[in-house]
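Subject: Structure for you to look over

Hello,

Here is the structure I said I would pass on. Please open it alongside this message; my notes follow below it.

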Amino acid sequence: MKFLAPFFILSFLLYSCSTTVKNAPKFQEGDILFQDLDCGGPCNAIEAVTEGVNGWDFSHCGIVVEKEGQLQVIEAYGAVQAVPIDSFLQRYVDSAGKPKVVIGRPKDQTIATKSAQLAFTYLGKDYDRVFQLNDDKYYCSELVYECFKAANDNEPFFPLNVMTFKAPNTDSIMNEWMEYYEPLNTTIPEGEMGINPGAISRSNKLEIIYLH
């Protein structure tokens, strides 16, 4: 099974909680959009060991920004890029044609707005294929983590988690991860600190808003 790097999020131990808000208002700068990429086997392997808020499975996330009056999403999907929000929402939809996306709205709107502004400074940065911190490359949830940390006077806004690449209820690294890391000539960062969309979505610093 071949892995496509932009689709992969790390598997972690997750601990936190959430708040649910019905009848979603319009998007705001600094909203975090959590997405189920639904990319088949690889994403399923990740979602099997990653818990999102209220049972959702997330394999991607990005930050809503505003540029020249238009809403966009800055994301690490390959290199860090900005895409129109409609393009992001329609990337993966359910059988009824509704976006497989949930909004995480920071309760601290000052931090949210500042994070959105800071996200522009990451445009063009390389994708972090090995999923390690502090290398000036970014995977999707790492980008969100760093933007909110910078907006919070360089103090973590979302906590890091211990990464695991092991199959659920076993002590063995998943075959998919061994195949993924083999050509990268690097050690699988089992047990190192990192972040993932599910962990962020469960933060009590967010209100969770459903699109439907």
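Helix α3 passes helix α4 in a right-handed crossing. This is a predicted model, and everything below should be read with that in mind. The two helices cover residues 109-119 (α3) and 140-151 (α4), and their axes come within 8 Å, crossing at roughly 120°. An angle over 145 degrees would count as roughly antiparallel, and 65 to 115 as roughly perpendicular. The pair α3 and α4 is therefore oblique.

On the α3 side, the contact is made by Ile-111, Ala-112, Lys-114, Ser-115, Leu-118 and Ala-119. On the α4 side, Cys-147, Phe-148, Ala-150 and Ala-151 take part. By type, the residues of this contact divide into eight nonpolar, one polar and one charged.

Two of these contact residues are worth a separate look.

Ala-112 sits in helix α3. With a relative accessible area of 0%, Ala-112 is under the 20% cut-off and so counts as buried. Leaving out residues up to four places away in sequence, Ala-112 touches Glu-29, Gly-30, Pro-106 and Phe-148. Of these, Phe-148 is also listed on the α4 side of the helix contact. Val-64 is 48 residues from Ala-112 in sequence, and the C-alpha atoms of the two are 9.5 Å apart in space.

Ala-150 belongs to helix α4. The relative accessible area of Ala-150 is 30%, so this residue is classed as partly exposed.

Now α4 as a whole. Eleven of its twelve residues are buried, so helix α4 is largely enclosed by the rest of the structure. The buried residues are Cys-140, Ser-141, Glu-142, Leu-143, Val-144, Tyr-145, Glu-146, Cys-147, Phe-148, Lys-149 and Ala-151. That list includes the charged residues Glu-142, Glu-146 and Lys-149. As for length, twelve residues at 1.5 Å a residue should span 16 Å, and the end C-alpha atoms of α4 are 17 Å apart, which agrees.

What does the backbone do just after α4? There, Asp-153 takes a positive phi of about 55°. Asn-154 also has a positive phi, near 65°, and is a residue other than glycine. Asn-154 is placed in the loop between α4 and β7 (161-162). With a relative accessible area of 53%, Asn-154 counts as exposed.

A further case is found later in the chain. Asn-185 is not a glycine, yet its phi is positive, at about 55°. The loop that holds Asn-185 runs between α5 (175-181) and β8 (193-194). Asn-185 is exposed, at 71% relative accessibility.

The loop between α3 and α4 contains Gly-124. Is Gly-124 buried or exposed? Its relative accessible area is 51%, so Gly-124 counts as exposed. Not counting residues up to four places away in sequence, Gly-124 touches Ala-79 and Val-80. The C-alpha atoms of Gly-124 and Val-80 are separated by 5.1 Å, although the two are 44 residues apart along the chain.

Val-80 is also among the contacts of Glu-75, a residue of strand β4 (residues 70-76). At 0% relative accessibility, Glu-75 counts as buried. Apart from neighbours within four places in sequence, Glu-75 is in contact with His-60, Cys-61, Gly-62, Val-80, Gln-81, Val-83, Phe-88, Arg-91 and Leu-143. Leu-143 in that list is one of the buried residues of α4.

Finally, the chain overall. The chain has six helices and nine strands. It holds 212 residues, of which 50% count as buried. Among the contacts with a separation of 6 or more, 75% are between residues 24 or more positions apart.

Regards

Conventions
Residues numbered from 1 in each chain as written. Predicted model: local features only at pLDDT ≥ 70, side-chain atom pairs only at ≥ 80, totals over all residues. Heavy atoms only, no water. Axes fitted to C-alpha atoms, helices over the stretch in contact; angles between N-to-C directions. Helix = DSSP H or I, 4+ residues; strand = E, 2+ residues; numbered from the N terminus. Parallel < 35°, antiparallel > 145°, perpendicular 65-115°, else oblique. Left-handed = near helix turned anticlockwise from the far one by under 90°. Contact = heavy atoms within 4.5 Å. Expected span 1.5 Å × (residues − 1). Buried < 20%, exposed > 50% of the residue type's maximum accessible area, 1.4 Å probe, protein only.
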